[in-house]
Amino acid sequence: MNLIRGFATTIKHVLEGPVTIQYPEQERPVRERFKGRHALKRYDNGLEKCIGCSLCAAACPADAIWVEAAENTDEERFSPGERYAKTYEINMLRCIFCGYCEDACPTEAIVLEHEYRLSFNDRRDAIYTKDRLIDPPPHGVPATPQVTEPGQFDRSIPDMENPK
Amino acid sequence: MAETVTITIDGQQFQVPKGINLVDAAKMSGTDIPVFCYHPKMDPVGMCRMCLVELGSVVTNRETGEPDVDDNGDPVVRWFPKLQTACTQTVSEGMVVRGATQRVRDARDDILEFILTSHPLDCPICDKGGECPLQNLTMAYGPGESRFVFDDKIRLDKHVPLGDLIYLDRERCIQCARCTRFCDEVVGDDVLAFHERGRRLQIVTISDPPFDTKFSGNTTDICPVGALTTADFRFGARPWELDEVPSICPHCPVGCNISASTRLDRDFGGKKVIKRIMPRQNEHVNEIWICDKGRFGHHHARAEERLTTPLLRRGDEWVAVDWDTAYSEIAGRLKKAGDNVAFLAGNNLSNEDLWELRKLAHRTSNTPRLGVWPAFMTGADAVAQAGVGTGTRLQDMGPDSAILVIASDFEEEAPVWWLQVKQAADRGAKVVVANGRPTKLDRYATEVVHYEYGDAVAVLNSFAARARSKNKIDADFTARVDGAAELEAELKGTRVPFADAAETLLDAEDLVIFAGGEGLTLDQHRELMQAAANLLLLTGHAGKPNNGLVPVWPGANLQGAFDLGFSAETTAALADQPPTVWFIGSADPAAEDAALVQSLANAEFVVVSTQFMTPTAAHANVILPAQSFAEREGTFTNGMRRVQRFYTAQGPVGDTLPEWRIYANIGARLGGDKPRISAALVMRDITQNVPRYAAMAYPALAAVEKQFPDVGGDDLYYGGTAYTNTGGLGIQWPANAEDESARLQVRPVQLDGYQIEGLFAVPVRVLYDRSTLFEQSEMMHTHVPEPFAEINNQDAAHIGIVDGEVIRLNVNGAQHLLTARVNGQAPAGVVLVPQLLSKTPIVIGPAACAIEKIGE
Ligand code: SF4
Ligand code: SF4
Ligand code: FES
């Protein structure tokens, strides 16, 4: 009797199709809240959201982020306000993709996106520098640094509003 | 501790010193009263209301004098009906304070909410964020939720340069007036002020050039928010990312304790660099202040121009070589030269460097010539006898004390001492300023003595003579002073032209004399120091704290050089008997002394260890790249003979080595021991060989103790950046006068005045100059004047020149184009020539000169 039940299971599985996904030819869509490689975001006007405050680095439990800040001028503006990230690096070998940096960011500049295909031939390549992390400027908008009107971008944090 | 009173804080009784501020008393007893505007180093103003507490006093029965008690046996307390500001209260007997009640909590909550109504909350980009008292107190006492109406938020300028060193963010200012009070009360430079009223109240600078003070950086430390930030640090790092390394300022004899905040930097190859210099609390030295030269003068440590490899001269070219080649070359030459070598030690070599240099010198010759540079001050023996007592604290000097500052432009030579003496004057100390010309300290002086240049010694003598005629000679003390009787006899009949000044000094209980660098010639300076020691020893003002002599040496460690056997007299003698081989350690005589330029050029072989290609190094046959104070450990001995440690803040630049190691390596080639492996071991050698330094082992120098007021605490109690001293308070070596059994010596001084017909040039010092290290700090360049000469008004009128005009100065057979300053500073017949404003030597000592107008 047991023998028959065993064969029945076997036959059932023989008749089912394979479940293996043929990665990399085939890819499965990730979930909306999947946390993959980071991207640094821009505003619609092309300015970088990142203000170089280093709070992501402070929040990072793996000490994977390195930020160095410098000062914006209207002649050479990277981000709104006075401060921008001169150096922004994430070591993807250290990163544990917890997303704390995203939570810590006051301007929603660093976001863990859906990219998960990270492979390197050299461990140094695992350090993603700012130019590898940052999104390209929106279509038709100049890249940073931009020349801006004096007084137009004197605050780093986008205007706060009264709670609704 | 003097009298104490009993106060009750939150039901607990404490004994605290009488008359201190309630906030300080609370801190001493372990209770926190939050403050913004109160600062223990300044008078309270009660502006921010953060320190509100319930205040009352125990009711005492008039008849019995005993406290009234209620039915439970507790003392009856009469409470103020309203909350009171703790910072404006001094403690008194029976004071009762409640800080932990709901009423007080609510008040603090409200005050914080009120302060935050106009605060921009841009903590993420604020340099103070992370070490901000407003953040801390809001977390501790503030409202958890905001009822904030963002539309009503006030908007002010966020980027206001106050001068080129300090930036103001008007939105962040919480109007505590610490910065204005610091400039006004502490420094006495009225450069910042409030403008407008109410919510629009803003800080403005009212001086031209803006924020014109040598202490501007300190306002950024005491500002309890990020309203004031320095151009140097601006966005350099977040405070929690910095490694604090205790260090000592390498620029002047005060020896301010500093903390180098370091961080790795991609622009510097991912290596550690100094991001900012902060003061480090040492109540015996700089309290919590430093000057802007110390704060912003650190860029030499990582300057591009730093020399990185040993260089050998081949014809007209420099060839980079390895250390071994350089050592062999030098060792060979030194062996041959024998007695014909002169060793010259610069003024910011560490004691360890000096020791190894001296050992090397003794290896080449039995009677080595050990000179210091600069060599216009001397008198280390007078200091050894009558130097200020150990434990001296200028901040303890008050109405019973007198301070004589002679032959010094004090603010330019030793800014933080200047600040402390100025504050002593504010507290009622009698300050006598004696110099051949007016200086800034004159403003705060009780008596000002303007003698003719060259008469400094006579002035000191006359004070001593006055002591004699007014019976102010301390007979008990002079019993152990050899030569006292002869000296007294000699003083008899000396005219006393400045009798009031003399009386002012002699009437005081404590007397400190600061002797500066304007003693004219080296010989005269020796007599000046001796005359000062004479006065102090005859009147018994030596051998105890807050009494004695302080030399205002040029540079951070000339005291150490004298202690370890180098002398200015040797340097002076080199002019007459130039050596064939020069060995120069981090000194740049070629920028200051034309005569030495000649003998360097004539020399057969010149070795220079240096961080930069200086005019002196240009004469070298071998250049040895040295490390800056930031890259190694060591000790400096300050003008009050306090030996203090500095620590390694950053990695080495290129192949540079600490100078002690360089010298020891050369010594090893000449048959000496292998070099020590660390500076600590070199210091151990010093402790074993130099009796005065016997106690200066590194662990002892690193000892710290609790300091009061606890401004430095990590809890930021007093709301400012932390200045905790973790690196050691240093140790002073005692002067002979402190040893009761030691015999002391005085001798009559020589009185040859300095006679020159016509105009004569006097070299003076300015703080912001183009000296080797300081000129590397680019941000300070706008503060360094072009080479100038100050000319007396009448003399100028006579020659027909006006302020700001370019003139030709003929001196020592050379001509120099300088900007004339005609502003009433120079006495008649004298042309004041600041040192080191250019790399061309002008005058090194007083010299006859002529001024020519350059045609239109
Ligand atoms: S700038 Fe800073 S120190 Fe000055 S009043 Fe404003 S908050 Fe106080
Ligand atoms: S006073 Fe002197 S020791 Fe102090 S910070 Fe200024 S230059 Fe340095
Ligand atoms: S009012 Fe007392 S600390 Fe400001």
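**Stop 1**

Select F235(B). F235(B) is buried, since 24 other C-beta atoms lie within 10 Å. (Buried means 20 or more other C-beta atoms within 10 Å of a residue's own, exposed means 12 or fewer, partly exposed is in between, and C-beta atoms are placed from the backbone.) F235(B) is not a glycine, yet its phi is positive, about 60°. Its place is the loop between β11 (228-230) and β12 (243-248) of chain B. Helices (H or I, at least four residues) and strands (E, at least two) are DSSP runs, numbered from the N terminus.

Before moving on, note that this is a predicted model: local features need pLDDT of at least 70, side-chain atom pairs count only at pLDDT 80 or more, and totals for chains, interfaces and linings use all residues. Residues are numbered from 1 along each chain as its sequence is written, while chains are lettered from A and ligands numbered from 1 in the order in which they are written.

Now select E196(B). Is E196(B) buried or exposed? E196(B) counts as exposed, because it has 9 C-beta neighbours inside 10 Å. Phi of E196(B) is positive too, near 70°, and this residue is other than glycine. Look for E196(B) in the loop between β9 (192-195) and β10 of chain B.

**Stop 1: two cis peptide bonds**

Select D208(B) and P209(B). A cis peptide bond joins them, with omega about 0°. P209(B) sits in the loop between β10 (202-205) and α5 (217-222) of chain B.

Go on to W373(B) and P374(B). Their peptide bond is cis as well, with omega about -5°. P374(B) belongs to the loop between β18 (369-372) and α9 (380-386) of chain B.

**Stop 2: the ligands**

Ala, Val, Leu, Ile, Met, Phe, Trp, Tyr, Cys and Pro count as nonpolar, Asp, Glu, Lys and Arg as charged, and the others, Gly among them, as polar.

Next, ligand 2. Which residues are closest to ligand 2? They are C249(B), C252(B), C256(B), C291(B) and G294(B), in a shell of 13 residues. That shell divides into 8 nonpolar, 4 polar and 1 charged. Helices α6 (292-296) and α11 (415-427) of chain B each supply at least two of its residues.

**Stop 3: a helix crossing**

Select residues 351-364 and 679-689 of chain B, helices α8 and α21. Their axes come within 9 Å and cross at roughly 65°. (Axes are lines fitted to C-alpha atoms, for helices over the stretch in contact, and angles run from 0 to 180 degrees between N-to-C directions.) On α8(B), the contact uses N351(B), E352(B), W355(B) and E356(B). On α21(B), it uses A679(B), V682(B), M683(B), D685(B) and I686(B). Two residues are in contact if their C-beta atoms, placed from the backbone, lie within 7 Å.

**Stop 4: where chains meet**

Finally, show both chains. Here 15 residues of chain B are in contact with 21 residues of chain A. The chain B side that touches chain A has 6 nonpolar, 1 polar and 8 charged residues.

Technical notes:
A residue is near a molecule or strand if its C-beta atom, placed from the backbone, lies within 6 Å of it.
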